[in-house]
Amino acid sequence: MSGDRSEKVMKSRVAIRRGGVPADMAYQALVEASSDPGAFRNKTVLVKPNAGFIAKSPGTGMVTDSETVRGVVRFFRDAGAGRVLVGDGAIAGVDAAEALEAAGMAEVARQEGGIPVNLDNGRPVQVHVENPMAVDRMKISSIAFEADILVSVPVMKSHMNTVISLGIKNLKGCLHRREKQRFHHLIEEDRFRPWHRWKTLERAIADLYRMMPPHAVVLDGIVGMEGLGPTMGEPKPLGLVIASESPLAAEVAGLHVMGLHWRDVPHVFLSAEKAGVALPEQADLLNVDRNLLHEAYSPFARALPEDIAHLYPHFQIVEGDACSACCATVTAFLKQSGAGYVGRLPGDIRIVLGKNVAPGLVDRKTILLGNCTMDLRDRGRFIVGCPPVGSDIVREISEIDKEGSAACDESGIGE
């Protein structure tokens, strides 16, 4: 481990603000956390919030609060940045520009002299990963790659694929278009054997972090999301902002607030391993106001797949190596339409998504969601798309029920 890098994590200021106006808290946290604000003069700064989904109403915890973004943009404009971009790249099926507008981030950026950008409109820049854990090359959006300063501004939330989503996981939106999906479908290779105990996605995120660590992280905890994140969880109002020039220090502090240790989150300790950093065993060993850190402590409910089965026992969700796009389709469908199927037998409706699902789990009444299930299309009811939409699932369930009723009529059952 590099002593210098570990020392930077321990020495970098972690600023916490609670209970104030979100934009002011974000601004002041950056003032406290920044060692040299003059270093941003005439630079192109990319403020990278979490805006990968369409949030139809504020305060859900699904995306970064627009007022937190306002404070971050204002800080860098006041610090003399040449340009301040505000942008993200969305999951498949979502337009990032539309998501930025829907969340109010695009308008806030314009009001503060920033420029909203869709990272998916950038050129693909292929980079080669040094000592990879899961992926030896990746394509980054040129908009993110060419920015002088990268600032990760995620909303704090639980995540079904990666335990949590904070400053490091938020970098995934910098990948070019479908490269984000590829991270969910990486093939295990023997050369990565030392890392096989962890999921390829977790390791790929660590590879991404090593290639482009942000210059600063601002964690948006105005309203986070706990439980079935990243889209189906419950709002978690915290009324706080955390900022640091050390992404790993911000991560350790944020995890403490969420009731987790960095050892609980593979992509975090793998990122530290990749960077040659020894993380502190306790968050209060950081350069942080310990009283504020402990006062902010508010454990998050974890994102556990079995919770879906508990909420909607009439559905059986079989997930292989699925990307966030199809996962989001299923969770949105359940949230919008799941209650309409109450009264059916447990596991009556089976939905399969992702690659590498055992063929024996699929029959003619099984819904195969998305292009990744194409290899099983002769066994079940295949819905094309990357991703499909919830109405496709509704249609297929209706067709299954009609066929079941017709079969009963032909056999005379029920007469």
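Analyst: Happy to! The second largest pocket holds about 390 Å³ of space. Here a pocket is an open set of points on a 1 Å grid over the protein atoms alone where a 1.4 Å probe fits, with protein on both sides within 12 Å along at least five of seven lines. Its volume is the space filled by probe spheres set on the points. This is a predicted model, in which local features need pLDDT of at least 70 and side-chain atom pairs count only at pLDDT 80 or more, while totals for linings use all residues. Residues are numbered from 1 along each chain, and side-chain values use heavy atoms, without hydrogens and water.

Two or more lining residues come from each of helix 1 (3–11), helix 8 (200–211) and helix 9, where a helix is a DSSP run of H or I with at least four residues. Helix 1 gives the largest share, three residues. By class, the lining has eleven nonpolar, three polar and five charged residues; Asp, Glu, Lys and Arg count as charged, Ala, Val, Leu, Ile, Met, Phe, Trp, Tyr, Cys and Pro as nonpolar, and the others as polar.

Helix 9 (residues 247–257) also has a partner: Leu248, Glu251 and Leu255 in helix 9 meet His267, Val268 and Ala272 in helix 10 (residues 266–275), with contact meaning heavy atoms within 4.5 Å. That contact has four nonpolar, one polar and one charged residues.

How values were computed
Axes fitted to C-alpha atoms, helices over the stretch in contact; angles between N-to-C directions. 1 Å grid on protein atoms, 1.4 Å probe; cavity = no way out; pocket = protein on both sides within 12 Å on 5 of 7 lines; lining within 4 Å.
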